Amino acid sequence: RAPSMAVPRLLRAGERVVPFPARPARVTPPPAVGASGLVLQSRLVPCKPVDDKLLSEPLSHPDFFNVKELFSLKDLFDARVHLGHKKGCRHRFMEPYIFGCRLDQDIIDLDQTMQHLQLALNFTAHIAYRKGIILFISRKRQFCHLVESTARECGEYAHTRYWQGGLLTNAHIQFGPGVRLPDLLVFLSSLNNVFEPHVAIRDAAKMNIPTVGVVDTNCNPCLITYPIPGNDDSPTAMELYCKLFRMTIIRAKDKRRQSEVFNELRSKAEGN
Amino acid sequence: MAGNRMQKIGSVFSRTRNLLRIGVIKKPLWFDVYAAFPPLREPVYRLPRPRYGKVKDVVRPIFYQEDEVRAKFYKVYGSGPRPFNLSQSNYKSTCQRFVEKFNELKEEGKIEEEKLFEETGKALLASGIILQRRGTDKVAQEDHQGVETRGSVLHLQLQTVLEEIQGKKKDQEEQTPELAETQKENPLPS
């Protein structure tokens, strides 16, 4: 399973960096050619020890990737993100995120959704900036194609089929030793086909992997690190989420490429 | 490689932080990011216990002042003459126009409270929207207003038909349209 390309750095004994093989939208981004004609490494090769400044500088800004401008309250309202399920389907832990109940239908508080969405997108952007592996999960058949194409366009991974028990917890046996697990799981719908919480939420918490997830009024938001209270059943809402995630990830990756190129140029200039 | 798989104790961050402190793992990618931008609520596991005793609904119901007018409108006129076009976000339904007219007339203050409803109906008629009251085109409901059950309605209708047959000597053609009419009136929701 080890990549057959030349590894510039010495790896520790038994350590191989192999991306988490998820099907089917698994695509490695084509190696980009930077301004100085430099071919940047794809993630199959371990990164050289990057500048600490490169990684720590984005953390000092509250919104380094400016994710706030990607969405507005009106966009969320038009995409029908505020519509929840009926009163009987309500999960107890979603009550703080619900604005009210109109004729037995729950309405989600969009002010809170804005805050949560901003935090979640910011976190995703930082993970993508640091070249983390992001896995999109959704068990809704209606949107499985949409999620997979979103992942393909970002250069990330998606898993929209039946989740086998040991995919995360038993990865070393199912995929071989030295598998690199995803660094972030994004749930575009946190329930599975029988309206129970998706197994991957619990598994990610077990493997100490942070999660970002869209939680509807019938979902349990406890174990999700960055929940986004919102509708996960309307096509408009799902398209909005996919668009937002795709734009943040692409933005973060571009920023990373830019910073690396800039650093290279600067170190060359200093060297000369 | 060490790890902590106890998802019900603490959060992902607290467990990783403690493991880092004792030095058994190297720092994961997301750790600094989480430390810099923590979520609004720490993702600790909570047991979803059901509420016992008298259950109080913490989520407030959403009602507006205009809902009273809307309820009366729907009771009297049924759903409006035009179907709702939900694809436009700025669509104004007949009911919404009614409510706005009602509020306008109320603010003017010249008409009394009881008459406001009818006045709004007339005003809307003047502006071209025809409102049909629910149940006015069904003849049987006008005749037997107090009668609730379908059986008694049917009985009375049959009586009137019998009287007509006995009283006047009519042709077969005149009787059949009347019978057809009573048969049409039969499956009325009374």
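What follows is a chat about a predicted model with chains A and B.

User: Before we start, what should I know about the model and the numbering?
Analyst: The model is predicted, so local features need pLDDT of at least 70 and side-chain atom pairs count only at pLDDT 80 or more, while totals for chains, interfaces and linings use all residues. Residues are numbered from 1 along each chain as its sequence is written, chains are lettered from A and ligands numbered from 1 in the order in which they are written, and side-chain values use heavy atoms, with hydrogens and water left out.

User: OK, how many residues of each chain are in contact across the interface?
Analyst: 46 residues of chain A are in contact with 39 residues of chain B. Contact means heavy atoms within 4.5 Å.

User: And how much area do the two chains bury?
Analyst: About 3600 Å² between them, 59% of it on carbon and sulfur atoms. Buried area is the accessible area (1.4 Å probe) that two parts lose on being put together, summed over both. In chain A, Arg92(A), Arg102(A) and Asn208(A) lose the most area to chain B, together 17% of what that side buries.

User: How many salt bridges cross over?
Analyst: The rule finds 3, where a salt bridge is a side-chain nitrogen of Lys or Arg within 4 Å of a carboxyl oxygen of Asp or Glu. Asp57(B) and Arg90(A) meet in a salt bridge through their side chains, at 3.1 Å from N to O.

User: What else does the side chain of Arg90(A) contact?
Analyst: Its side chain makes a polar contact with the side chain of Asp106(A), at 3.0 Å. A polar contact is a pair of N or O atoms within 3.5 Å; within protein, one must be able to donate a hydrogen and the other to accept it, and residues adjacent in sequence count only if both atoms are side-chain atoms.

User: Is Asp106(A) buried or exposed?
Analyst: Asp106(A) counts as buried because its relative accessibility is 0%. Buried means under 20% relative accessible area, exposed over 50%, partly exposed in between (1.4 Å probe, protein chains only).

User: Switching topic, which residues touch the most other members of the largest nonpolar core?
Analyst: Phe123(A), Phe136(A), Val212(A) and Phe245(A), in a core of 50 residues. A nonpolar core is a set of buried Ala, Val, Leu, Ile, Met, Phe, Trp, Tyr and Cys residues joined through side-chain atoms within 4.5 Å.

User: Which domains does chain B have?
Analyst: Domain 1 (1-48) and domain 2 (65-127), with bounds from an automatic or database domain assignment. Their centres, taken over C-alpha atoms, are 56 Å apart.
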